[in-house]
Amino acid sequence: MAGAIYGIDHVKLMAAMETGATAGQYPDFDTLASGFRINAIVKDSFSFSDTAPSTNDIEVEDMDAFYAQLQSDNGSETFTLQTYDMNKDAYEYLLGYTVNGTWNEETPGFKLGNQALEIKTKALDSFPARTFQWARLSCKVTKTGTLGKSGFPNFNLEFTKLANLDTTGAEISGARWKTV
């Protein structure tokens with residue numbers, strides 16, 4: 001069967017499990033006790049922007065072809081998405097805002113820690129839904145858009161896959177998916 005992937009059913013974030021006995025494990029996204037469900041995802045805003053590994057071509061004087069090719073970096077796996085969901089919970093989870101009386105205030109020095117992420121797609125006709133998970137991603141959050149009548153402002157989330165490490169510091173699987 002062809003493997004078409006269609007639409008987004010949900011996106012969930014949780015703190016990456018980086019220390020202690022659970023280091024490197026995928027969290028249980030079904031509980032979402034300490035996580036955040038991203039709502040109101042901007043249509044077609046989820047986009048991949050992976051880069052291939054870079055290489056250096058080694059040349060020598062006595063040959064016309066390359067003598068060797070060395071890999072200089074591993075490339076990167078990145079993606080972005082945008083959400084119109086700018087409610088109190090989104091400001092708290094993504095930007096560290098806290099409630100002070102009737103005001104929601106920034107927390108100086110707040111930094112969103114590395115995140116684990118789950119994305120579930122929608123089924124389409126004979127194409128089943130899929131669930132994708134990443135165990136450890138860096139996440140940059142910015143505000144974009146306008147406050148005018150032509151559209152809504154939104155949060156822009158930029159994710160970069162990081163090495164996922166177990167309790168011994170060895171690199172282990174950091175991404176997985178399954179058909180639902």
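**R136 counts as buried, because its relative accessibility is 19% (buried means under 20% relative accessible area, exposed over 50% and partly exposed in between, with a 1.4 Å probe and protein chains only).** The model is predicted, so local features need pLDDT of at least 70 and side-chain atom pairs count only at pLDDT 80 or more, whereas totals for chains, interfaces and linings use all residues. Residues are numbered from 1 along each chain as its sequence is written, and side-chain values use heavy atoms, with hydrogens and water left out. R136 belongs to strand β10 (strands, E, of at least two residues and helices, H or I, of at least four are DSSP runs numbered from the N terminus). Beyond residues up to four places away in sequence, R136 touches A16, E18, N114, Q115, T160, K161, L162, A163, N164 and G174 (contact means heavy atoms within 4.5 Å). For E18, which is 118 residues from R136 along the chain, the separation of the two C-alpha atoms is 8.1 Å.

A pocket is an open set of points on a 1 Å grid over the protein atoms alone, where a 1.4 Å probe fits, with protein on both sides within 12 Å along at least five of seven lines, and lining residues have an atom within 4 Å of a point; points are joined across faces, edges and corners, and the volume is the space filled by probe spheres set on them. The lining comprises 24 residues, and G7, I8, F46, I119 and T121 are those that lie nearest the centre of the pocket. At least two lining residues come from each of β1 (6-15), β2 (36-38), β9 (115-122), β10 (130-144) and β14 (175-179), and β1 gives the most, with five residues. By class, 13 residues of this lining are nonpolar, six polar and five charged (Ala, Val, Leu, Ile, Met, Phe, Trp, Tyr, Cys and Pro count as nonpolar, Asp, Glu, Lys and Arg as charged, and the others, Gly among them, as polar).

**The second largest pocket has a volume of about 190 Å³, and E171 is among the residues that line it.** Its lining is made up of N74, G75, S76, E77, K161, L162, A163, N164, E171, I172, S173 and G174, which divide into three nonpolar, six polar and three charged residues. E171 is placed in strand β13 (residues 171-172) and counts as exposed, because its relative accessibility is 60%. Apart from neighbours within four places in sequence, E171 is in contact with A163, N164 and L165, while its C-alpha atom is 16 Å from that of S138, a residue 33 places away along the chain.

**F155 is shown within the largest nonpolar core, where it is one of the residues that touch the most other members.** This core (a set of buried Ala, Val, Leu, Ile, Met, Phe, Trp, Tyr and Cys residues joined through side-chain atoms within 4.5 Å) has 23 residues, and L13, L94, L117, V141, F155, L157 and F159 touch the most other members. Two or more residues of the core are given by each of β1, β2, β6 (78-83), α1 (88-95), β9, β10 and β11 (154-161). When neighbours within four places in sequence are left aside, F155 is in contact with L81, Q82, T83, D85, M86, A90, Y91, L94, L95, V141, T142 and K143.

Rings of Phe, Tyr and Trp (its six-membered ring) pair if their centres lie within 6.5 Å, and planes under 30 degrees apart count as stacked, over 60 as edge-to-face and the rest as tilted. The pair of F36 and Y93 is stacked, because the ring centres are 5.5 Å apart and the planes stand at 15 degrees. Since F36 lies in strand β2 and Y93 in helix α1, this pair ties together parts that are 57 residues apart in sequence, and both F36 and Y93 are buried. F132 and W177 form a tilted pair, with 6.2 Å from centre to centre and 35 degrees between the planes. Because F132 lies in strand β10 and W177 in strand β14, the pair ties together parts that are 45 residues apart in sequence. F132 counts as buried, at 18% relative accessibility, and ring pairs link F46, F48, F79, F132, W134, F159 and W177 into a cluster.

**A40 and D125 have positive phi values although neither is a glycine.** For A40, phi is near 55 degrees; this residue is found in the loop between β2 and β3 (47-48) and is partly exposed, with a relative accessible area of 43%. For D125, phi is about 50 degrees; D125 sits in the loop between β9 and β10 and counts as exposed, at 77% relative accessibility.
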